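Please have the model open as you read.

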Amino acid sequence: MRRLEYKWLVGITFVLALVMQILDMTILNVALATLGKRFDVDAGTLQWVLTAYMISLAVFIPSSGWISDRFGSKRTFQFAVIMFTGASVICGAAPGIKTLIAARFLQGIGGGMLVPVGQAMLFRAFPADERAKASAILAIPITAAPALGPLLGGTLIEVASWRWIFFINVPVGALALLCSILFLVEERGQRPGRFDLPGFLLAGSGLAVLLFGLDRAAQDGWTDSAVWACLLLAVVLICGLVWRELRAAEPMLDLRLLGNRIFGAGNVLLLCQTGAMFGVLFLIPLYLQNLRGASALQAGAILMPQALSMLLVTQVISRIYGRVGPRRLVAGGFAMLLVSTATLQWLSLSVSLWAVVGSLLLLGASMGLLMTPLQTAAFAQMSSAAMGQATSLFNVSRQVATALATAVVASALVMFTEAARSGLSSPDPGELARAQLSGFHGAFLVPVAFGVLGLLLTLLVRDSDAMATLDQQGKARRERSSVN
């Protein structure tokens with residue numbers, strides 16, 4: 001009974017912290033224009049409010065596994081919550097843009113450790129055959145926060161002040177910290193060994209330069225020489241990281257874990273799932289606001305049913321995962337993803353917004369089908385000792401996928417729009433709008449490509465590799481199938 005209570009307490013504590021972190025990211029996107037006017041800065045300077053946070057995440061996500069193994073997961077989690085919450089106070093009180101950018105970097109230190117360490121604690125608390133329930137817990141903040149963020153951000157800016165988009169983190173962070181003090185027990189993973197300084201520098205700098213390069217590609221396009229310089233430097237640093245960590249006796253980032261078939265497949269499929277989802281979620285608000293005249297609040301309201309659909313399906317899948325197994329669920333999820341992203345080709349300048357909601361409902365259902373089996377199966381063979389390192393790698397994959405999807409769809413939108421405009425004989429507003437629509441149609445092919453790749457790579461998933469996460473009925477059925 002005590003174990004049963006503890007795992008849910010860990011879930012509550014982690015959900016509070018994760019809601020705070022995800023809400024912060026989604027709320028800030030709505031507030032950027034307001035911040036630019038408040039501090040009287042250009043778009044290039046304002047972008048560093050996002051970039052500073054992203055670089056900080058890149059530095060500390062890879063090292064979070066070693067830090068939690070060395071100092072303990074409870075202590076590291078509490079430090080991350082305190083750092084994120086304290087930095088939020090500085091952000092809200094910032095007198096100028098430089099202070100805000102510096103505080104955002106401090107936020108990234110907390111955010112970079114909070115998610116992988118919290119996920120490791122959650123998966124340690126749940127037995128292997130109940131980790132589908134743990135994944136269902138994660139679905140709550142992952143789906144609800146992005147849907148609520150734009151609505152909450154817009155409301156706070158209109159009725160209060162831009163400062164409250166940061167101050168709102170304080171009560172949530174304080175509650176998460178209190179829960180961690182009351183409920184969590186200290187855990188350590190495998191013996192971390194000495195601090196791997198070369199691995200830390202290569203992992204942090206390589207991922208930071210990669211994400212920065214992808215971010216600039218989304219802003220400046222792929223023809224910019226600085227973008228390619230960043231990406232080439234990132235390749236060199238990451239190759240150096242791989243060479244170093246595979247030879248180190250006590251690596252900062254245990255890349256050998258990717259040699260585990262189901263964990264390696266889960267990371268690749270996570271990239272496809274995340275790439276498709278964030279590609280759509282990047283494009284839909286732009287389509288609604290730029291072509292259909294919707295406000296940020298209206299766009300957020302249209303996106304909310306997608307999150308609710310994802311949340312509902314995730315809760316259902318967590319109950320049947322043990323009997324069905326991951327392979328069929330993942331294949332069905334990517335097949336549904338392909339259908340939902342393909343329907344976005346039907347978007348027009350006059351199509352009913354209910355049709356948009358319908359496509360997003362289908363997208364949310366596909367994400368719900370994918371989230372639980374992917375996360376549960378990926379960690380099926382990870383021991384409690386290796387969980388910290390494994391969650392660090394998993395979150396690196398998620399962060400890269402998000403940046404890659406944003407960069408590629410943004411570039412595709414510009415490329416296809418310019419191609420359509422080049423054929424126009426006159427700058428008629430109607431023709432320009434149709435050219436923009438053509439650009440969106442081309443950009444929506446990127447999530448389709450992620451879906452196709454994911455469906456093909458489903459062949460890498462084997463139910464037998466995830467046997468530890470299945471219930472007894474599911475195990476018996478698979479054992480009979482293997483005999484036959």
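This is a predicted model: local features need pLDDT of at least 70, side-chain atom pairs count only at pLDDT 80 or more; totals for chains, interfaces and linings use all residues.

Residues are numbered from 1 along each chain as its sequence is written, and side-chain values use heavy atoms, with hydrogens and water left out.

Let's begin with helix 10, residues 225–247. Helices here are DSSP runs (H or I, at least four residues), numbered from the N terminus. Helix 10 has 23 residues and spans 33 Å from first C-alpha to last, close to the 33 Å expected; the expected span is 1.5 Å times one less than the number of residues. The buried residues of helix 10 include Val-227, Leu-231 and Glu-245, where buried means under 20% relative accessible area, exposed over 50% and partly exposed in between (1.4 Å probe, protein chains only). The buried residues of helix 10 pack against helix 9 (197–220).

On a 1 Å grid over the protein atoms alone, a cavity is a set of points where a 1.4 Å probe fits but cannot get out, and a pocket is an open set with protein on both sides within 12 Å along at least five of seven lines; lining residues have an atom within 4 Å of a point. Grid points are joined across faces, edges and corners, and a volume is the space filled by probe spheres set on the points.

| Space | Volume | Lining by class |
|---|---|---|
| Second largest pocket | about 420 Å³ | 16 nonpolar, four polar, no charged |
| Largest cavity | about 50 Å³ | 10 nonpolar, one polar, no charged |

For these classes, Ala, Val, Leu, Ile, Met, Phe, Trp, Tyr, Cys and Pro count as nonpolar, Asp, Glu, Lys and Arg as charged, and the others, Gly among them, as polar.

In the second largest pocket, helix 9 supplies the largest share of the lining, five residues. Helix 10 is also among the helices that each give at least two.

Finally, Arg-75 sits in helix 4 (residues 73–93) and is partly exposed, at 49% relative accessible area. Beyond its neighbours within four places in sequence, Arg-75 is in contact (heavy atoms within 4.5 Å) with Glu-186 and Arg-188.
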